[in-house]
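Work through these exercises with the structure open. Each task comes with a worked solution.

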Amino acid sequence: MSLVKFDRKPWGNLVTPDFFNSDDFFNGGSWLNKIEEPAMNVKENDDNFEVELAAPGYEKKDFNVSVENGCLNISAENSNSKEEDEDNYSRKEFSYTSFKKSLRLPESVSDDEIKAAYKDGVLKFKLAKKESAKKHEPKTVEIN
């Protein structure tokens, strides 16, 4: 009889090395609850703010956008499944992704003039400023 070292990951490279880390896997590790927030860019112009969210893999119907109590609330859910039945095996794959993000709007933004568009994996918003918050050309005051 000989002793053979047991390899905890007999499947080799089929799964990532930390997938079966006993501390994380069996104790409800952080990978179970990991929420990925999309990358975001914000740019201020004279008349508006432009917000871009990187959200590839979604469709327009997957998004829910609302404005409530001075916050722009953005959420999305997407799920896919694929099933194959062959002579000697069955395989079912599924995925689910989601995110939620809330942005506190500055008082200078007009809630009624928010526009959104989704194209090429980027969700874009134009947040129009209230007229009183827009930059205006200085006026010359005549002295009498």
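**Exercise 1. Find which residues the ring pairs link into a cluster.**

Solution. The model is predicted. Ring pairs join Tyr58, Phe63, Phe99 and Tyr118 into a cluster. By the ring-centre rule, the count of aromatic pairs comes to four.

**Exercise 2. Classify the pair formed by tyrosine 58 and phenylalanine 99, and say which parts of the chain it ties together.**

Solution. 
- Step 1: take the distance. The ring centres of tyrosine 58 and phenylalanine 99 are 5.8 Å apart. The cut-off for a pair is within 6.5 Å.
- Step 2: take the angle. The planes stand at 80 degrees, so the pair is edge-to-face. The cut-off for that class is over 60 degrees.
- Step 3: place the residues. Tyrosine 58 sits in the loop between strand E2 (48-54) and E3, and phenylalanine 99 sits in strand E5, so the pair ties together parts 41 residues apart in sequence.
- Step 4: check burial. Tyrosine 58 has 12% relative accessibility and counts as buried. Phenylalanine 99 is buried too, with a relative accessible area of 4%. Buried means under 20%.

**Exercise 3. Work out the strand order of the open sheet and name its edge strands.**

Solution. 
- Step 1: order. Three strands make up the open sheet, in the order E3-E4-E5. Their pairing is antiparallel.
- Step 2: edges. Strand E3 (63-68) and strand E5 (90-104) each pair on one side only, and these are the edge strands.
- Step 3: one pairing in detail. E3 is joined to strand E4 (residues 71-85) by six bridges. Glutamate 68 has cysteine 71 in E4 as its bridge partner.

**Exercise 4. Locate lysine 129 relative to the ring of phenylalanine 49.**

Solution. Lysine 129 lies over the face of phenylalanine 49. The distance to the ring centre is 5.1 Å. The distance cut-off for a charge over a ring is within 6 Å.

Technical notes:
Residues are numbered from 1 along each chain as its sequence is written. This is a predicted model: local features need pLDDT of at least 70, side-chain atom pairs count only at pLDDT 80 or more; totals for chains, interfaces and linings use all residues. Side-chain values use heavy atoms; hydrogens and water are left out. Two strands pair if DSSP finds at least two bridges between them. Helices (H or I, at least four residues) and strands (E, at least two) are DSSP runs, numbered from the N terminus. Rings of Phe, Tyr and Trp (its six-membered ring) pair if their centres lie within 6.5 Å; planes under 30 degrees apart count as stacked, over 60 as edge-to-face and the rest as tilted. Buried means under 20% relative accessible area, exposed over 50%, partly exposed in between (1.4 Å probe, protein chains only). A charge sits over a ring if NZ of Lys or CZ of Arg is within 6 Å of the ring centre and within 35 degrees of the ring normal.
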